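Please look over the sequence and structure first.

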Amino acid sequence: MTILVTGATANIGRKVVDHLLAAGSTDVRALTTNPRRAALPAGVEVVEGYLRRPESLPAAFDGVERIYLAPTPDNVTEVLALARAAGVRHVVDLSGEPESWWGTVCTAVEDSGLAWTHLWPADFMENTLTWSQQIRETGTVREPYPDTATAPIAMDDIAAVAATALLSDTHHGRAYPLAGPEVLTRTDLVRHLATALGRDITFRQSSREETIAALTPTMGDNTTWYVDNVLSDYTPDPTTLPITSVQDITGRPATTFARWAADNASRFLAD
């Protein structure tokens, strides 16, 4: 059973490869734009291609039964048509609810006629890395809503769920909202980072414009969209967050933010 991991050198796809290998999978194929620089583990079949270049995909899809699909909303329908023509049977996609900004991905997957499993993470722990420059230079995090509470999830846990879904037929037709194991406010996150970094970090409630200015050095052109669509619009009811989802699906505890912060402290300190 050959499993293709698309975006295999990206943040989540690379971790999916690792989790598949750790689970004993021996037929893992990795799609990357530059096989020579991919540095993927021994035993992984590395193929060149890119989801946004559909002409590069037929050879990568040949003989594949299951796919981890990284989100490419602009041409996902064409990608899925090629996958189905090649004989792919099951797609595990990283997407979002139909009404979300990644919703076109899950809709296209369902319309493709292939068996599917949707992964719908909301707030990534790694998003806090957008604070890194502020923390290094000022010791202050500037955002508009200190009390917004979410349950951020580590990308490694998303990858673990993806690998679990790829290796079993029991997840067909399931849409999995994913979250980390605890509900935390923005100030809670800052407090955990301060502990992990061993320094004082303050949270300063800021206007939209001040927040955009503070985040632009790390986020660039995506900053305004992020502030308007994520920081301002994502305000879930904390009682509805699926904080047991990772353990329910994989059988292992999800990563706490305190653990993630300790493991990633050096990433906040490096330029």
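At what angle do the axes of helix 3 (residues 76–86) and helix 4 (residues 103–111) cross, and within what distance do they come? In this predicted model, the two axes cross at roughly 30° and come within 9 Å. Angles under 35 degrees count as roughly parallel, and helix 3 and helix 4 are therefore roughly parallel to each other.

**Helix 3 and helix 4**
- Helix 3 passes helix 4 in a right-handed crossing.
- On the helix 3 side, the contact uses Val 76, Thr 77 and Leu 80.
- On the helix 4 side, Thr 104, Val 105, Ala 108 and Val 109 take part.
- By class, the contact of helix 3 with helix 4 has five nonpolar residues, two polar and no charged.

**Helix 8 and helix 9**
- Helix 8 (residues 208–219) packs against helix 9 at an angle of about 125°, and their axes are 8 Å apart.
- That angle makes helix 8 oblique to helix 9.
- The crossing of helix 8 with helix 9 is right-handed.
- Helix 8 brings Arg 208, Thr 211, Ile 212, Leu 215, Thr 216 and Met 219 to the contact.
- Helix 9 meets them with Thr 223, Thr 224, Tyr 226, Val 227, Asp 228 and Leu 231.
- The contact of helix 8 with helix 9 divides into six nonpolar, four polar and two charged residues.

**The largest cavity**
- The model has one cavity of 30 Å³ or more.
- The largest cavity holds about 100 Å³ of space.
- Its lining consists of Asp 123, Glu 143, Pro 144, Tyr 145, Thr 148, Thr 150, Arg 186, Tyr 226, Val 230, Leu 231 and Tyr 234.
- Helix 9 (residues 223–231) gives the most to this lining, with three residues.
- Tyr 226 and Leu 231 line the cavity and also belong to the helix 9 side of the contact with helix 8.

- The volume of the second largest pocket is about 230 Å³.
- Of the 13 residues that line this pocket, Lys 15, Glu 126, Trp 260, Asn 264 and Arg 267 are the closest to its centre.
- Helix 6 (155–166) and helix 11 (257–263) are the elements that give two or more residues to the pocket lining.
- Helix 11 supplies the largest share, three residues.
- The pocket lining divides into six charged, four nonpolar and three polar residues.

Conventions: Residues numbered from 1 in each chain as written. Predicted model: local features only at pLDDT ≥ 70, side-chain atom pairs only at ≥ 80, totals over all residues. Heavy atoms only, no water. 1 Å grid on protein atoms, 1.4 Å probe; cavity = no way out; pocket = protein on both sides within 12 Å on 5 of 7 lines; lining within 4 Å. Points joined across faces, edges and corners; volume = space filled by probe spheres on them. Helix = DSSP H or I, 4+ residues; strand = E, 2+ residues; numbered from the N terminus. Axes fitted to C-alpha atoms, helices over the stretch in contact; angles between N-to-C directions. Parallel < 35°, antiparallel > 145°, perpendicular 65-115°, else oblique. Left-handed = near helix turned anticlockwise from the far one by under 90°. Contact = heavy atoms within 4.5 Å. Nonpolar A, V, L, I, M, F, W, Y, C, P; charged D, E, K, R; others polar.
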